Amino acid sequence: MKKVFSLACVGLLMVTSSTLIGQTKRLTFDQAWGASPSLTTKIGVFEGWADHEHYIKRIDGRLTKVNVRSAKEEPFSYPTNRATEVFVKDNDVFIQYPESQPKQLTQSPEELEQNPTLSPDGNYVAFTRKGDLYAVEVSTGEEIRYTDDGTDVIYNGWSSWVYYEEILGRSTNYKAFWWSPDSKRIAFMRFDDTQVPMFPIYASPGQHGYLEQTRYPKAGDPNPEVRVGFVEVTGSPVVWADFNEKDDQYFGQPYWSFDSESIMVQWMNRDQTNLKFYAVNPVSGVKSEIYNESQDTWINLDHAERITYLEDNKHYILKSDKTGWAHYYLYSLDGQLINPITTGEWQVTSINHIDEKNKVLYFSARKESSVNIDFYRVDFNGKNMKRLSFGDYSHQVKVSPDGNYFITTYSNIHTPVRTTLLNNKGKVIRELADSKSPDFDTYKVARRAYFTLPSDDGKFQLPVIITYPTDFDESKEYPVIMSIYGGPDAGSVRNTWKGVTGEYWAQEGIIQIECDHRASGHYGKQGVAWMHRNLGNWELVDYITVAKWLKAKPWVDSEKLLITGHSYGGYMTCLALTKGAEYFDFGIAGAPVTSWELYDTHYTERWMDTPQDNPEGYKNGSILPYVDQYKGRLRIMHGDLDDNVHMQNTMQLVDALTDRDVPFELMIYPGSRHGFDRSKSAYDFKERARFYYEYLLERPLPDVLK
């Protein structure tokens with residue numbers, strides 16, 4: 001992997017970064033927190049394309065379309081002949097057209113409608129209500145009911161919790177139904193949670209409080225039974241896909257074909273080692289297997305871009321990491337591999353445009369460096385691949401409808417966001433925007449460097465971004481904040497502009513570190529696979545490598561290394577202050593998992609298998625067996641209504657720590673879920689600042705932060 005800076009460069013950077021000519025102005029308090037302008041200025045948002053020749057620009061709420069050749073700007077508004085949105089208000093569904101009043105479509109204020117979704121032709125809105133699937137015809141208001149067996153444990157078109165969280169994704173807001181492209185049918189999933197254990201969450205408001213009860217399958221528990229069904233938009237008996245809902249299995253997001261004649265259903269076994277695609281006939285429910293993949297460790301059941309159908313109705317593009325790296329493959333609809341489109345020891349990330357006429361795929365990938373995203377083109381046959389983006393930056397692109405142009409918004413850790421228009425040969429047409437403020441170079445700010453450290457076993461280079469104190473002096477010792485996440489294939493080290501993040505703490509004299517471990521995605525699936533049946537091990541080994549490197553530096557205070565993270569990062573923070581307490585001095589942990597049998601089936605078993613199959617892995621990955629090694633000072637925070645990582649995790653750790661009569665801090669945020677309620681954020685910020693001042697800076701919290 002290419003490095004932005006080698007280790008040899010770091011020392012030079014440290015010597016010169018704080019003495020660059022012209023840097024004299026310090027950021028004010030408001031500037032250091034991003035509350036007032038400093039290093040960057042506001043630029044427009046380039047939000048898409050109006051047509052082949054015009055891109056859309058939004059600035060201060062005003063839309064314009066800009067000609068790619070002449071740069072001429074004209075006022076722009078989106079088409080008004082289609083609804084701009086459907087929404088729920090006062091428990092009923094409304095539809096909104098531009099420049100008109102919202103139209104009410106349902107009349108049942110006593111019953112909440114959920115996830116209203118307009119059909120592709122704009123004639124119907126589908127939604128769920130009390131576990132059943134409905135639609136309403138827009139023109140007449142006629143309501144159509146497709147299912148009638150919804151209960152408190154049976155949901156049609158509404159996800160069971162584990163599917164919402166882990167498989168279909170939180171962005172669905174529990175929606176589990178999909179319109180066919182021709183608007184004639186709806187595919188949906190039916191969930192039966194009867195056998196899934198109930199987890200109670202106690203809420204404290206009022207005199208008696210109340211219980212939230214969620215069907216939450218913890219590792220090793222029964223999963224929901226799932227069926228895949230189809231209904232005609234005008235109403236019909238449900239046609240069920242030919243699967244046995246009693247099998248221990250998972251279903252991923254289905255994909256309709258362009259002609260709506262079939263739908264691709266992703267199936268996976270409970271062990272998550274075998275992925276199959278079935279083409280299902282929505283009229284008969286008959287299925288035929290067209291793809292079968294097995295891996296020794298696990299396969300990710302992606303809810304986006306696993307399959308991309310081509311408009312020729314003869315082929316699809318598959319994204320798979322079956323070689324150990326994520327790549328694209330061209331398949332025929334009957335499941336025959338035509339050829340790999342991309343190959344190599346690097347990762348594709350997303351498809352940006354498909355030119356079927358010329359058989360060209362435009363895509364983004366982490367090829368030049370694992371911390372950068374670049375833009376490429378390649379022929380369907382895998383030949384003539386070319387990088388179209390430029391420089392040592394991370395790029396986000398929007399491609400014109402015909403594929404002839406693209407706009408890239410790009411940056412790196414030293415360069416604020418810029419936007420450029422290019423053609424599909426990679427030639428720059430025009431610079432569009434630069435957020436760098438005119439007096440950027442006059443500010444004295446923290447300097448950052450990206451580099452890699454060899455892992456202890458020499459098998460990997462661990463990515464690190466360091467932010468030095470504003471007035472860095474190698475003859476002084478500084479405390480360190482290490483910010484981590486740590487989950488599988490979830491790295492946080494990216495070569496992108498950070499804004500003023502961390503500037504206040506840099507001015508206060510704190511070194512800040514972001515780092516990733518070997519299994520965080522920089523080394524593809526073959527790197528992530530090191531975590532199989534072994535969560536918590538290699539992550540901590542690699543974070544300790546970074547900690548040892550830091551503490552060996554004369555400019556690091558060897559007794560003031562703080563590690564912090566939320567969720568999986570909270571888990572790693574707690575593990576660092578117990579199992580890794582020899583190397584870490586302080587920790588702030590948000591919503592930590594403390595023992596993996598307390599987390600859900602699909603996520604946990606993907607990496608760990610079941611507790612019954614892997615008891616030693618679960619024991620070794622838990623924080624609780626290592627509490628005897630705890631030292632330093634740990635602050636734990638958790639929302640009492642967290643429905644993802646239950647507060648049960650924190651309570652079991654607190655119980656173990658109090659039994660050992662050791663000092664730690666605990667903060668429960670009432671009314672907060674996995675992310676703390678916005679009303680608590682100011683207090684949480686103040687307490688985190690207090691912790692930094694008390695233990696890292698050893699001085700009182702300044703009045704300006706009180």
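Me: Is Lys444 buried, exposed or partly exposed, and how is that read?

Reply: This is a predicted model, and the label comes from relative accessible area: under 20% is buried, over 50% is exposed, and partly exposed lies in between. Lys444 has a relative accessible area of 21%, so Lys444 counts as partly exposed.

Me: Which residue forms a salt bridge with Lys444?

Reply: The general idea is that side chains of opposite charge can pair when their charged atoms come close. Here Lys444 forms a salt bridge with Asp471, and their closest N and O atoms are 2.8 Å apart. The pair links distant parts of the chain, 27 residues apart. Lys444 belongs to strand E37 (residues 443-444), while Asp471 sits in the loop between strand E39 (461-467) and strand E40 (478-483). Asp471 is partly exposed, with a relative accessible area of 36%.

Me: How many salt bridges does the count come to?

Reply: The count comes to 40 salt bridges. One of them joins Lys246 and Glu225, with 3.1 Å between the closest N and O atoms. This pair also links distant parts of the chain, 21 residues apart: Lys246 is in the loop between strand E19 (239-240) and strand E20 (249-251), and Glu225 is in strand E18 (residues 225-232).

Me: Which label, buried or exposed, goes to Lys246, and which to Glu225?

Reply: Lys246 counts as exposed at 57% relative accessibility, whereas Glu225 is buried, with a relative accessible area of 19%.

Me: What separates Arg690 and Glu694 in helix H11?

Reply: Arg690 and Glu694 are four residues apart in helix H11, which means that about one helical turn separates them. Their side chains meet in a salt bridge at 3.0 Å, N to O. Glu694 is partly exposed, with a relative accessible area of 40%.

Me: Which residues are linked in a network of salt bridges?

Reply: Glu111, Glu113, Arg129, Lys130 and Glu143 are linked in such a network.

Me: In what order do strands E33, E34, E35 and E36 form their sheet?

Reply: Strands of a sheet pair through backbone hydrogen bonds, either parallel or antiparallel. In this case four strands form an open sheet in the order E33-E34-E35-E36, with antiparallel pairing. Strand E33 (394-399) and strand E36 (428-434) stand at the edges with a single partner strand each, so one side of each has no neighbour in the sheet. From one strand to the next, the twist averages 20°. Strand E35 (residues 418-423) pairs with E36 over five bridges, and the bridge partner of Leu422 in E36 is Val428.

Me: Why is strand E30 largely enclosed by the rest of the structure?

Reply: Seven of the seven residues of strand E30 (residues 360-366) are buried, so the strand is largely enclosed. Both faces are covered: Val360, Tyr362, Ser364 and Arg366 are on one side, and Leu361, Phe363 and Ala365 are on the other. E30 pairs in the antiparallel sense with strand E29 (residues 347-355) over seven bridges, and with strand E31 (residues 374-379) over six bridges. Gln347 has Arg366 as its bridge partner in E30, while Leu361 stands opposite Val378 in E31. E29 and E30 form a hairpin with four residues between them, and Lys359 in the turn has a positive phi of about 55°.

Me: How many residues are in the largest nonpolar core?

Reply: The largest nonpolar core has 110 residues, and among those with the most contacts inside it are Tyr163, Met482 and Phe584. Helix H6 (residues 537-551) supplies the largest share of this core, seven residues. A second, separate core of 28 residues includes Leu27, Phe440, Val445 and Leu562.

Note on methods:
Residues numbered from 1 in each chain as written. Predicted model: local features only at pLDDT ≥ 70, side-chain atom pairs only at ≥ 80, totals over all residues. Heavy atoms only, no water. Pairing = 2+ DSSP bridges. Helix = DSSP H or I, 4+ residues; strand = E, 2+ residues; numbered from the N terminus. Axes fitted to C-alpha atoms, helices over the stretch in contact; angles between N-to-C directions. Buried < 20%, exposed > 50% of the residue type's maximum accessible area, 1.4 Å probe, protein only. Core = buried A, V, L, I, M, F, W, Y, C linked by side-chain atoms within 4.5 Å. Salt bridge = Lys/Arg side-chain N within 4 Å of Asp/Glu carboxyl O.
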